[in-house]
Amino acid sequence: MKASLRKLFSPLLNPLERGEEPYAYKPLSRKILLAVSLLFALMCSALMLLMPADADKGYLIPVVVFGLVSAVGFIVGVLGNDRAVAKIWGSR
């Protein structure tokens, strides 16, 4: 199952996992990435629930941004290797 999901999300994972340069990875980084992704997902959900029914379409921009950030964080945190997690945090 994980292999098929990695293949599905390979356009996102491959650029982050590519490279031969050294990187600094700490096991806590993956847990923090998943926690931050959960917070972004909660903010996205809260914005959707609190948005007025007659709201302008511009109110959807933060929902989409928070949703995409949380999705990328979850995908990299669950399916990505150590190098991908380190690149998300900007460590080399």
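The radius of gyration is taken over C-alpha atoms, and the globule rule is 2.2 Å times the number of residues to the power 0.38.

**Figure 1. Whole chain of the predicted model.** The chain has a radius of gyration of 16 Å, whereas a compact globule of 92 residues would have one near 12 Å. Along the principal axes, the C-alpha atoms fill a box of roughly 50 × 25 × 20 Å. The chain holds 5 helices and 0 strands, and its elements run α-α-α-α-α from the N terminus on. Of the 92 residues, 22% are buried. Among contacts between residues at least 6 apart in sequence, 82% join residues at least 24 apart.

**Figure 2. Packing of helix 2 with helix 4.** Helix 2 covers residues 10–17, and its axis lies 11 Å from that of helix 4, at an angle of about 65°. The crossing of helix 2 past helix 4 is right-handed. On the side of helix 2, the residues in contact are L12, L13, L16 and E17; they meet V72, I75, V76 and L79 of helix 4. Sorted by class, this contact has 7 nonpolar residues, 1 charged residue and no polar ones.

**Figure 3. The aromatic pair of F40 and F66.** The count of aromatic pairs comes to 1. The ring centres of F40 and F66 are 5.5 Å apart and the planes stand at 55°, so the pair is tilted. F40 belongs to helix 3 (residues 27–50) and F66 to helix 4 (residues 60–79), so the pair ties together parts 26 residues apart in sequence.

Technical notes. Residues are numbered from 1 along each chain as its sequence is written. This is a predicted model: local features need pLDDT of at least 70, side-chain atom pairs count only at pLDDT 80 or more; totals for chains, interfaces and linings use all residues. Side-chain values use heavy atoms; hydrogens and water are left out. Rings of Phe, Tyr and Trp (its six-membered ring) pair if their centres lie within 6.5 Å; planes under 30 degrees apart count as stacked, over 60 as edge-to-face and the rest as tilted. Helices (H or I, at least four residues) and strands (E, at least two) are DSSP runs, numbered from the N terminus. Axes are lines fitted to C-alpha atoms, for helices over the stretch in contact, and angles run from 0 to 180 degrees between N-to-C directions. A crossing is left-handed if the near helix is turned anticlockwise from the far one by less than a right angle, and right-handed if clockwise. Contact means heavy atoms within 4.5 Å. Ala, Val, Leu, Ile, Met, Phe, Trp, Tyr, Cys and Pro count as nonpolar, Asp, Glu, Lys and Arg as charged, and the others, Gly among them, as polar. Buried means under 20% relative accessible area, exposed over 50%, partly exposed in between (1.4 Å probe, protein chains only).
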